[in-house]
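Subject: Handover of a structure

Dear colleague,

Please find below the structure that I am handing over to you. I would be grateful if you could look through it alongside the notes that come after it.

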Amino acid sequence: MSHHVKEREEDDFSFNCPSCRSGVIKIQKTIYDSHDGDQILILKYECSDCGYISKDVVPVSSKMKPGIISMKINKENDLKSKLYRAPTAKIEIPEFELVMEPGPNADFYFTNVEGVLRRFESAVKIYRNNLQKDDPQIPEIDFIILNLQKALEGKFPFTLKITDLSGGSYIVPQEDTPYEFEPKNIEASNNEKDFHIS
Ligand SMILES: [Zn+2]
């Protein structure tokens, strides 16, 4: 089967090298077209410092059309599932009532589920530290932080929901990480109770 390269680009979104921790990973995306019309996305990660290289092969069917994707995170391995959030996408964890609104945040476009949890954890901690000592929200916030920490160890099952009404986000689930895709154009509902960060 022969493929030809349709698109090749270097992206600037980056994360630290999982091997040496100091280098910055460059991500190169290549899209291949096959004869039968399928497309395959190859993501290559390369460290600028230590030479670490890793690859993901993504069937483009996992690239989102407008809609909602829900990934079930039940165990530690599921935390390695990766996602690319388009700037128009919203990320939610309904179990924690946490919402990450769409918006430009270049360092966060490409991450894994663990990265999403850590991002939420630090936002919630910052929020908590800015509360008065006797704020009635504190017990609830502490409970969320505790459960986020359990989730980071794969000991608190939760749902990671990406709502992308423009399309273009994608996920790279671990082989046995269950997910569902629901194509639709809906107005994102606003729940006042949710904790929003951007
Ligand atoms: Zn490295």
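The notes below begin with the chain as a whole and then turn to its parts.

**Basis and confidence**

The model is predicted; local features are reported only at pLDDT of at least 70 and side-chain atom pairs count only at pLDDT 80 or more, while totals for chains, interfaces and linings use all residues. Residues are numbered from 1 along each chain as its sequence is written.

The mean pLDDT (the predictor's confidence in each residue, from 0 to 100) of the protein chain is 81, and 77% of its residues reach 70 or more. Among the elements of the chain, helix H2 has the highest mean pLDDT, 96, whereas strand S1 (residues 4-16) has the lowest, 52. Over residues 1-12 pLDDT stays under 50, and the model has 20 contacts beyond four places in sequence for them. Where pLDDT is low, the predicted coordinates should not be read in detail.

**The chain as a whole**

The secondary structure comes to two helices and 13 strands. Helices (H or I, at least four residues) and strands (E, at least two) are DSSP runs, numbered from the N terminus. Of the 198 residues in the protein chain, 22% are buried. A residue is called buried if 20 or more other C-beta atoms lie within 10 Å of its own, exposed if 12 or fewer, and partly exposed in between, with C-beta atoms placed from the backbone. Among contacts with a separation of 6 or more, 68% join residues 24 or more positions apart; two residues are in contact if their C-beta atoms, placed from the backbone, lie within 7 Å.

Five of the five residues of S7 are buried.

S7 runs antiparallel to S10, to which four bridges join it; two strands pair if DSSP finds at least two bridges between them. In this pairing Ile 91 stands opposite Ile 162. Three bridges also join S7 to S8, again in antiparallel fashion, and here Ile 93 has Leu 98 as its bridge partner. S7 and S8 form a hairpin with four residues between them. With 14 C-beta neighbours inside 10 Å, Glu 97 counts as partly exposed.

A positive phi is also found at Arg 21, about 70°, although this residue is not a glycine. Arg 21 is placed in the loop between S1 and strand S2 (24-33), and counts as exposed because it has 10 C-beta neighbours inside 10 Å. Most residues other than glycine have a negative phi.

**Helix H2**

H2 (residues 138-152) has 15 residues and reaches 21 Å from its first C-alpha to its last, close to the 21 Å expected at 1.5 Å a residue; the expected span is 1.5 Å times one less than the number of residues. Its buried residues are Ile 144, Leu 148 and Ala 151. Seen down the axis of H2, these fall within an arc of 60°, so they line one face of the helix; the arc is that of the directions from the helix axis to the C-beta atoms. Helix H1 (113-129) and strand S10 (158-164) are included in what covers them. The face turned away from the buried side carries the exposed residues Pro 139, Asp 142, Phe 143 and Leu 146. Just after H2, Gly 154 takes a positive phi of about 75°.

**A residue in strand S5**

Ile 69 is placed in strand S5 (residues 67-73) and counts as buried because it has 22 C-beta neighbours inside 10 Å. Not counting residues up to four places away in sequence, Ile 69 touches Met 64, Ile 162, Ile 171, Tyr 179 and Phe 181. The C-alpha atoms of Ile 69 and Leu 160 are separated by 8.1 Å, although these residues are 91 apart along the chain.

**An open sheet**

Three strands form an open sheet in the order S9-S6-S11, with antiparallel pairing. Strand S9 (110-112) and strand S11 (170-172) are the edge strands, each pairing on one side only. Three bridges join strand S6 (residues 82-84) to S9, and Tyr 84 stands opposite Phe 110.

Yours sincerely
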